[in-house]
Every structure is written in C-alpha cells, then in structure tokens.
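Please read the following points with the sequence and the structure at hand.

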Amino acid sequence: MVEPDTLDQPIHPEGALLPWYLNGTLREDERRQVDQHLSSCAACRAELDELAQLKVQLHEVYGAQSEASAQTQRAVLAQVKLDVSAKRAKSVTGPQWLNGLDDWFQSLFVPRWAPALAVTLLVAQLGLLLWSVTRLTPSDQVITRWLGSPTVRLRVVFQEATSERQIRSLIQGLHGRIVDGPTSDGAYIMEVPAGDQAAAQKKVDILRSQTESVRTVEPVTP
Amino acid sequence: LTQQALRTLSHEHQEVLRLVFYEELPYEEIAMLLSIPTNTVKTRVYYAKQRLKHQLKELGQGERV
C-alpha cells in the first residue's frame, strides 16, 4: 500500500502531528505550534479526542496481545529448559560402556538400594570376623583371663643353663604366663590356671619335677 | 471490536498504528524503522486511523442490526 506524501484531506499540517502530540514525542517547537493551532481549531480538537480514544482502544488490544505473547514466551522457555536439562542428563559424553557404568553407579545411590547394601556389608564384615577367629591356630591364641578366673601365682627360679625355648615350652605346657620378673635374685612370677589348692599343688609339683630347668618353685601368697 | 476492525487493515496500517499509539515512538524513529520518509509516516498514520475509524463504524452498525 502506498500513501501519498501529502494529505488530500482538508486537514491542517498541525493535524498530521496530532498522533505524536498525543504520545508526547514532538519537539518543543512542534508541540507549541500544535498547541497554538488547537486553541483556534475545533476540527483538530475533535480529531485529537478521537485519537485519544483510539489510543486507549489500541492499548487494550495490544496490551492483551503482549500479555498473551509473554505467557507463550514463558511457557516456551520453560519447555525449552525442561528439554535441555533432560537432554543434558542423557547426553553424557564418553563411550557407551562408561555411561552404563555411570548409570549402575548412580543406581547404587537410589534410596531403596542403600539399606540393602548396608545390611549386606554388615553381614559380610561379621562373617569375615567369625571366619578369622575360627581360623586362629592354638599357637596364635592369646590366653586371656578375666577377673575371677582361678589362677595361682608361682615364684619360679630357673636354672642358669635353661634356654629361653625351654622356659617357653614349660610355660605353654602349664598354660601359664610370666607376669613379673626377673627379680634381683633372678626369679620370675608365673601365673598358672588352677581351680583349687590341689590343682595349684599339682602345677607346683610339675614344675619342681623339671629339675633340669627349674631350680625353685614357691607359691606366692597374696 | 477494535481487534476485529484492526484485522481488516493492511499490515502496514496495523504496523504504524501500533508503533505510534502503543509503542509511542516519535515519527522520525518510525521513519527510520520502516525506511520510509517522515511525511509518509504521517500520512500513513492518518489514513490508517481513518480506515480504522471507518471499519469500527461499519462493524458497530453491523452489530446493531
């Protein structure tokens, strides 16, 4: 559509400026010129009224359209955001097997797996502990005694020539242990299990019979 | 009704009406945007307004009938 450069209607040149007089974008001199003209031209004042009314109507139409397009824009942006995050989650760079491994590893952290995994680990640890305890050979065993365990303490002096191996063999034979010594006169305090006086005496007799290794054995009175 | 009347206008007329009355741009800027002389902007707006007024009147009469 081609409009003529000049208006063929009986309108004043100031009338052609009315739309911009209305939207307040005229230069100062133009605005003053229109002001002056309006004061003496009823036709242009009527035209200005019509334009003002039109402006309101157009604002209603375009305002509604803008809101609609803004809503559409927001909806589209939200959808794009969703698509992008979904794509990003899927398109992990790297070879396929690495993605599979990653998926498997991530699945370990899915809540329903966590308790099962924890229980499995606990059971495995308990099993390992029991297995290692039952596998201990007697020589590995550490003889432990607890309070109230019936023992007797003996003051033992070994022969000068008794070797460390012989002493150890004696102690192990009696299931005893050295708890003190050597004292200044070369005596060791040995603790051996003994349920009663007779058992204690039996241990003393055994030790005393080992004359090659043992010089003296005396029960220690508490 | 205004929207209906607007739809009957040419794209050029709708465009200048929007730029003047909604975007509230100065005529020099519109001339620059559309690459047309400022006088053409003024006359185009004038004719667009006349056309819209005419369409509104016609649509209004049509509704009343």
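1. Accessible areas come from the Shrake-Rupley method with a 1.4 Å probe. On this basis chain A exposes about 16,000 Å², of which carbon and sulfur atoms supply 59%. The model is a predicted one.

2. Chain A contains 7 helices and 4 strands. Read from the N terminus, its elements follow the order α-α-α-α-α-β-α-β-β-α-β. Of the 222 residues in chain A, 23% are buried. Among contacts in chain A with a separation of 6 or more, 60% are between residues 24 or more positions apart.

3. Strand β3 of chain A (residues 187-193) has 5 buried residues out of 7, so it is largely enclosed by the rest of the structure. Strand β1 (residues 151-158) of chain A runs antiparallel to β3(A) and is joined to it by 7 bridges. Strand β2 (residues 177-180) of chain A also pairs with β3(A) in the antiparallel sense, over 3 bridges.

4. Which residue of β3(A) is the bridge partner of A:L154? That partner is A:M190. A:I178 likewise stands opposite A:M190 in β3(A).

5. The hairpin of β2(A) and β3(A) has 6 residues between the strands. In this hairpin A:G181 adopts a positive phi near 105 degrees.

6. On the surface, A:W97, A:L98, A:L101, A:W104 and A:F105 form a nonpolar patch with about 590 Å² of accessible area together. One of these residues, A:L101, lies in helix α4 (residues 96-107) of chain A. The relative accessible area of A:L101 is 46%, and this residue is therefore classed as partly exposed.

Terms used. Residues are numbered from 1 along each chain as its sequence is written. Chains are lettered from A and ligands numbered from 1 in the order in which they are written. This is a predicted model: local features need pLDDT of at least 70, side-chain atom pairs count only at pLDDT 80 or more; totals for chains, interfaces and linings use all residues. Side-chain values use heavy atoms; hydrogens and water are left out. Patches are made of residues with over 30% relative accessible area and no salt bridge: like charges are joined within 9 Å, nonpolar side chains (Val, Leu, Ile, Met, Phe, Trp, Tyr) within 5 Å. A salt bridge is a side-chain nitrogen of Lys or Arg within 4 Å of a carboxyl oxygen of Asp or Glu. Helices (H or I, at least four residues) and strands (E, at least two) are DSSP runs, numbered from the N terminus. Buried means under 20% relative accessible area, exposed over 50%, partly exposed in between (1.4 Å probe, protein chains only). Two strands pair if DSSP finds at least two bridges between them. Contact means heavy atoms within 4.5 Å.
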